[in-house]
Amino acid sequence: MASPAADDYLKTVYAHTEWQDAPITPSVLAAKLGIAPSSVTEMVKKLAAAGLVSHVPYGAVRLTDAGAERALAIIRRHRLIETWLVREFDYGWDEVHDEAEVLEHTISDRLLEGIDARLGRPRFDPHGDAIPDSAGQVDREPFVLLAEAAVGHVGRVLRVSDQDPEVLRVIEAAGVAVGAEVTVTADGIVVDGAPVAVGDAAEVIWLSA
């Protein structure tokens with residue numbers, strides 16, 4: 001089942017459980033993809049028949065080993081492209097997601113390898129998400145969602161979700177960046193000695209545990 005649509009499904013299933021443990025259901029998958037539930041049901045059946053996912057009616061969708069391998073390959077493309085656009089073309093971290101969604105399906109393996117080499121084989125994209133290597137291996141350290149971190153916890157910002165460009169702009173304007181060391185307070189965080197009220201953004205920022 002070689003198709004951009006299938007790749008998008010596999011990538012979404014993988015990404016859903018990358019930073020939390022709850023498996024994805026067809027209804028959540030439909031919401032994330034912006035597709036009718038009936039269409040998702042049909043595609044999940046096709047992916048299951050191809051051996052890429054496992055699924056029982058009304059149950060969660062899980063990647064098989066083959067599905068995970070393919071998901072990691074397309075995620076590698078997506079995140080390398082995002083990193084390339086930021087470093088080489090001065091894109092903002094809030095601008096690269098949609099561009100990468102298009103380019104990940106079009107560039108050759110040779111160009112991808114060239115991008116990886118030129119960038120020095122980066123391990124993380126601009127949002128802090130791990131970039132799988134060519135063998136599908138990823139580096140990730142223990143983490144905690146900011147919204148669940150205890151007051152007084154000190155950690156580095158590991159990742160900021162890239163799903164909402166406006167939230168990324170707000171976070172950047174507040175001086176919060178991937179790699180910054182922060183201290184969790186009752187009202188938000190402290191960055192470089194300055195208090196920052198993060199509000200709902202606490203649900204999209206992950207810290208080192």
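Asp 192 sits in the loop between β6 (189-191) and β7. In this predicted model, Asp 192 has a positive phi of about 50° although it is not a glycine. Strand β7 belongs to an open sheet of 6 strands, and elsewhere in the chain helix α4 packs with α1 and meets the buried residues of α5. Here is a friendly tour, starting with the loops.

- Asp 192 is worth a look on the surface, because its relative accessible area of 78% makes it exposed.
- Asp 90 lies in the loop between α4 and α5.
- The phi of Asp 90 is near 60°, again a positive value in a residue other than glycine.
- With a relative accessible area of 69%, Asp 90 is exposed too; the cut-off for that label is over 50%.

**The sheet**

- If you trace the open sheet from one side to the other, its 6 strands come in the order β3-β8-β4-β5-β6-β7, and the pairing is antiparallel.
- Strands β3 and β7 (194-196) form the edges, each pairing on one side only.
- From one strand to the next, the twist averages 45°.
- Strand β8 (residues 205-208) is joined to β3 (residues 143-145) by 3 bridges, and the two run antiparallel.
- Within that pairing, Phe 143 has Ser 208 as its bridge partner in β8, while Leu 145 is partnered by Trp 206.

**Helices α1 and α4**

- Helix α1 (residues 4-16) packs with helix α4 (residues 65-89) at an angle of about 95°, and their axes are 8 Å apart.
- The two helices are therefore roughly perpendicular to each other, since angles of 65 to 115 degrees fall in that class.
- On the α1 side, the residues in contact are Ala 6, Asp 7, Leu 10, Lys 11 and Tyr 14.
- Their counterparts in α4 are Gly 67, Arg 70, Ala 71, Leu 72, Ile 74, Ile 75 and His 78.
- Sorted by class, this contact has 7 nonpolar, 2 polar and 3 charged residues.

**A closer look at Ile 75**

- Ile 75 is a residue of helix α4, and it is one of those that meet α1.
- Ile 75 counts as buried because its relative accessibility is 3%, against a cut-off of under 20%.
- Leaving aside residues up to four places away in sequence, Ile 75 touches Lys 11, Tyr 14 and Pro 132.
- Of these neighbours, Lys 11 and Tyr 14 are in α1.
- From C-alpha to C-alpha, Ile 75 and Ala 177 are 22 Å apart in space, and 102 residues separate them in sequence.

**The two sides of α5**

- In helix α5 (residues 96-103), the buried residues are Val 96, His 97 and Ala 100.
- These three lie on the same side of α5, because they cover an arc of only 95° around the axis.
- That buried set packs against α4.
- Asp 98 and Val 102, on the other side of α5, are exposed.

Key:
Residues are numbered from 1 along each chain as its sequence is written. This is a predicted model: local features need pLDDT of at least 70, side-chain atom pairs count only at pLDDT 80 or more; totals for chains, interfaces and linings use all residues. Side-chain values use heavy atoms; hydrogens and water are left out. Axes are lines fitted to C-alpha atoms, for helices over the stretch in contact, and angles run from 0 to 180 degrees between N-to-C directions. Helices (H or I, at least four residues) and strands (E, at least two) are DSSP runs, numbered from the N terminus. Angles under 35 degrees count as roughly parallel, over 145 as roughly antiparallel, 65 to 115 as roughly perpendicular and the rest as oblique. Contact means heavy atoms within 4.5 Å. Ala, Val, Leu, Ile, Met, Phe, Trp, Tyr, Cys and Pro count as nonpolar, Asp, Glu, Lys and Arg as charged, and the others, Gly among them, as polar. Buried means under 20% relative accessible area, exposed over 50%, partly exposed in between (1.4 Å probe, protein chains only). The arc is that of the directions from the helix axis to the C-beta atoms. Two strands pair if DSSP finds at least two bridges between them.
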